[in-house]
Amino acid sequence: MRIGLLTEGGYPYVSGEARLWCDRLVRGLGQHEFDIYALSRSERQETQGWIELPPQVNRVRTAPLWTVDDDGTAFGAGYGRRARRRFAECFGELAAVMCDSGAAGTAGASGAGASGAYGAADELADRFGSALYGLAELARDEGGLVDALRSEVAVRTLERACRAPGALRAARTARVPDLLTVAGLLERALRPLSLDWYDDEGLGAVDLCHATSGGPAAVPGLLAEHFSGVPLLVTEYGVQLRAHYLAAGDEALSAPARALLTSFHGRLAAEVYKKATIITPGNTHARRWQERCGAERAKLRTVYPGMEVARFAEVGEREDPGDPDTLLWVGRIEPAKDLISLLHAFAEIRKEEPKARLRIVGAPAEGPEAAGYLAHCRALAAQLFPDEAAGVHAVGDNPVSFEEIGTPEAPELEDAYAAGSVVVLSSVVEGFPISLVEAMFCGRATVSTDVGAVVEVIGGTGLVVPPRNPRALAEACVALLRDAGRRERLGAAARARALELFTVEQNIEAFRGIYLEIVSHCPVRREAVDDAGEPVPFGNPAEAYLPGRWAFAAGGGDTGSGGAPSWAVPVAAQEDGRPEQLKGAGV
């Protein structure tokens, strides 16, 4: 089949999110053809180029989210009066729904998906979808919306919506600078509406759209479904809406701007979940977010991220359990990892186990805040643990070390895990804890904080403590440092669990089955034509025009007594094996 893979800020670029798992997925499904539709987030990302692509990638089409093609022309220079009126109506409806205080930001969470009744939230969701697709049709007819969405008309429309009765309380105080900021960010999020990806040579020609995240990456999939009936699969290993909520608090946005953008992204997420055929969260934590934002439970299939096992195989199979006195932390150094609590916990550990050492392996995340946080952690470590020496003439040494992969102390990531006997995670915010899975592959016992998907990943093969609790973290670490047998048992159980659930192979097999299930349930019905564009008689099989589901996809649907899923057998035929229309004919 032909897959349209939709990405934002990742694959096929050298840097970015979801790059590795997308590459493994494409390479692992060599029997399918892939068209890549990628949205880039920065000029630097585009300058760094692409990774080497496998032969099953037919084409790559890209578009930037970081720049605006604005030639200085005013809104309406290329629009006729009818197009202007269409834009005013559609964008006015979009702005009105964004500013409506009824169930703001959670459209669909309390609607038909939850109670089965059509209510105010469902009406708002329908209005949002109609406005969104109206703008998409206008962009297709007139050649884009970039100037229009940043125009004075758009700003005045937002202002009227903010001042209307029943508008969000925070939005009522929005000023012109706030509205200009919102209009610019809305245009960026809706940039996919202005792209020429949706004709019969583009996404209209694929059998399935697979969005690797929500948000802007899924918008092309919404339009492919709207224009051509292409089914949409949405995968979220980190929920895009949750990431927006966290980022909005860090950005220098006013309260009115945050309220408007939060409402927009909440409604966009609800529309994506509504139109998606299947949604694949990466863990139960992400699944709960999706359900809260309106996703139907029947559409949700948890598919864990797949990780390479080979690089950790040697460490995991060794009999050497690592230095019994060494604790190891691995990851990106940033405030969310809460290394401050870890250092205070280690001070308590040293009182009980004076020989204990702590190795912090990782580089700071991008940005000045992370670099400043690393400097603060180094200063705190120097303050808590002055250099110690065994004797008067010995050189002092600090029990806490900060290292990066590629240094002599840790040439490779697996070497870092081999050096310690207990791996620690101290985060206060976490999605899917990759470092824990790597430690499990290496057969290491773990101590983690109860955040994100940690408990789901560990599954009883490690110790879990509350976040921001240095005393509890210290007690758990001391318990494992003092009990080598327990460390060995937990490490072996953790490795077995990781090999069962978190390998690349299980991830690829899961998506192989989901692809087949979607295409068999929701085939794209296209008119068969020859090279001259003329219809081909009997180009499609007769059953393609009959209602019902006739193909069986491995792993999809409930199976009946005959081994086929219940949806593959007409209801009347489930009783005696004959369709109802054949019974009266004496068959």
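Predicted model: local features only at pLDDT ≥ 70, side-chain atom pairs only at ≥ 80, totals over all residues.
## The chain as a whole

The chain has 587 residues, and 50% of them count as buried. Its secondary structure comes to 23 helices and 12 strands. Sequence separation says something about how the chain is put together: take the contacts between residues at least 6 apart in sequence, and 72% of them join residues at least 24 apart.

In soluble globular proteins, nonpolar side chains tend to be buried together. Here, the largest nonpolar core has 76 residues. The residues with the most contacts inside that core are Phe 87, Phe 91, Leu 145, Leu 158, Leu 193 and Leu 203. There is also a second, separate core, this one with 37 residues, including Ala 356, Leu 358, Leu 380 and Ala 472.

Start with helix α8, which runs over residues 176-189. Its 14 residues reach 20 Å from first C-alpha to last, close to the 20 Å expected. The buried residues of α8 are Asp 178, Leu 179, Val 182, Ala 183, Gly 184, Leu 186, Glu 187 and Ala 189, a list that takes in an Asp and a Glu as well as residues such as Leu and Val. Among the elements covering them are α3 (81-99), α6 (146-149), α7 (152-163), α9 (219-228) and α11.

Helix α19 covers residues 470-481, and its 12 residues reach 16 Å, close to the 16 Å expected. Buried in α19 are Ala 472, Leu 473, Ala 474, Ala 476, Cys 477, Val 478, Leu 480 and Leu 481. One of these, Ala 472, also belongs to the second core. The cover over the buried residues of α19 includes strands β7 (323-330), β10 (420-425), β11 (445-449) and β12 (463-465), along with helices α14 (339-352) and α20 (484-501).

Ser 448 sits in strand β11. Its relative accessible area is 0%, so Ser 448 is buried. Beyond its neighbours within four places in sequence, Ser 448 is in contact with Leu 425, Leu 436, Val 454, Ile 458, Leu 463, Val 464 and Val 465.

Phe 511, in helix α21 (residues 504-521), is likewise buried, with a relative accessible area of 0%. Leaving aside neighbours within four places in sequence, its contacts are Trp 21, Leu 25, His 210, Leu 233, Thr 235, Tyr 237, Thr 280 and Val 303. Leu 25 is 486 residues away along the sequence, yet the two C-alpha atoms are 8.2 Å apart. Glu 142, by contrast, is partly exposed, at 33% relative accessible area. Glu 142 is in helix α5 (residues 120-142), and its C-alpha is 9.3 Å from that of Ser 194, 52 residues apart along the chain.

Rolling a probe the size of a water molecule over the atoms shows where empty space is left.

Most residues other than glycine have a negative phi, and most peptide bonds are trans. A few spots here go the other way. The bond between Tyr 11 and Pro 12 is cis, with omega about 5°, and Pro 12 is in the loop between β1 (2-8) and α1 (19-28).

Asp 338 has a positive phi near 50° and lies in the loop between β7 and α14. Arg 468 has a positive phi of about 55° and is found in the loop between β12 and α19.

Methods: Residues numbered from 1 in each chain as written. Heavy atoms only, no water. Core = buried A, V, L, I, M, F, W, Y, C linked by side-chain atoms within 4.5 Å. Buried < 20%, exposed > 50% of the residue type's maximum accessible area, 1.4 Å probe, protein only. Helix = DSSP H or I, 4+ residues; strand = E, 2+ residues; numbered from the N terminus. Expected span 1.5 Å × (residues − 1). Contact = heavy atoms within 4.5 Å.
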